[in-house]
Amino acid sequence: MSAEVLHFSEDPTITRFVPHVAATARQSEPYVWAVTAAQAPAYWFPRDCPRILAWSRADSTAADRERILGPGGAERMHAIEYGWLRRLQSVRLYVYRLPAEAFRQFEGYAMVAEEPVDPLGPAEAVGDLLARHEAAGIELRLVPNLWRLVDAVQASSLDFSAIRMRNATDRACVDGR
């Protein structure tokens, strides 16, 4: 494991991370949350921005890669709704580097600490999030409603993550359901 894990925030003034139970948490234990550098692109968004992320894995089919990731050969795709573009372009996002030894793996996708954690230094500005996606070779899509894409990705052979979907446009707006 790397010597550090990352925490993304719109608040550049945090001096200590204290375990807490988020209002939207699925578990009752208080944690400090972080991710590895490999997971960082999933957090190059405003905190509350709903998004679907999809990437190929070794057993993903060529048909699913073509259908979901597109003909350009991208290995990873992120999508947000049009209504979030201005916020994505204007948000000031910061990354904190935290000591990895304070954290353990949680359900295969995140790192958690059960004790307060001090950052290894001050928050660093993440910068232009569109440029980050471009530099990482991640296709960023804008869609009117995420739900059709979420359904397609879930039914595919790709790996995926759907984050903050409670903030997405209502599913009932898809095909007039």
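Biologist: Which residue in β5 does Phe 8 stand opposite?

Modeller: This is a predicted model, so local features need pLDDT of at least 70, side-chain atom pairs count only at pLDDT 80 or more, and totals for chains, interfaces and linings use all residues. Residues are numbered from 1 along each chain as its sequence is written, and side-chain values use heavy atoms, leaving out hydrogens and water. Strands here are DSSP runs of E, at least two residues, and helices are runs of H or I, at least four, both numbered from the N terminus. In β5, the residue facing Phe 8 is Val 95.

Biologist: How many bridges join β1 to β5, and how do the strands run?

Modeller: DSSP has to find at least two bridges before two strands count as paired. β1 and β5 (residues 94–99) are joined by six bridges, and they run antiparallel.

Biologist: Why is β1 described as largely enclosed?

Modeller: Buried means under 20% relative accessible area with a 1.4 Å probe, protein chains only (exposed is over 50%, partly exposed in between). β1 covers residues 4–9, and it's largely enclosed by the rest of the structure because the buried ones number five of the six.

Biologist: What's the secondary structure count for the protein, and what is its radius of gyration?

Modeller: The count is four helices and 10 strands. The radius is taken over C-alpha atoms, and the globule rule is 2.2 Å times the number of residues to the power 0.38. That rule gives 16 Å for 177 residues, so the protein is as compact as a globular protein of that length, with a radius of gyration of 17 Å.

Biologist: What share of the residues is buried?

Modeller: Let's take the whole chain this time. Out of 177 residues in the protein, the buried share is 43%.
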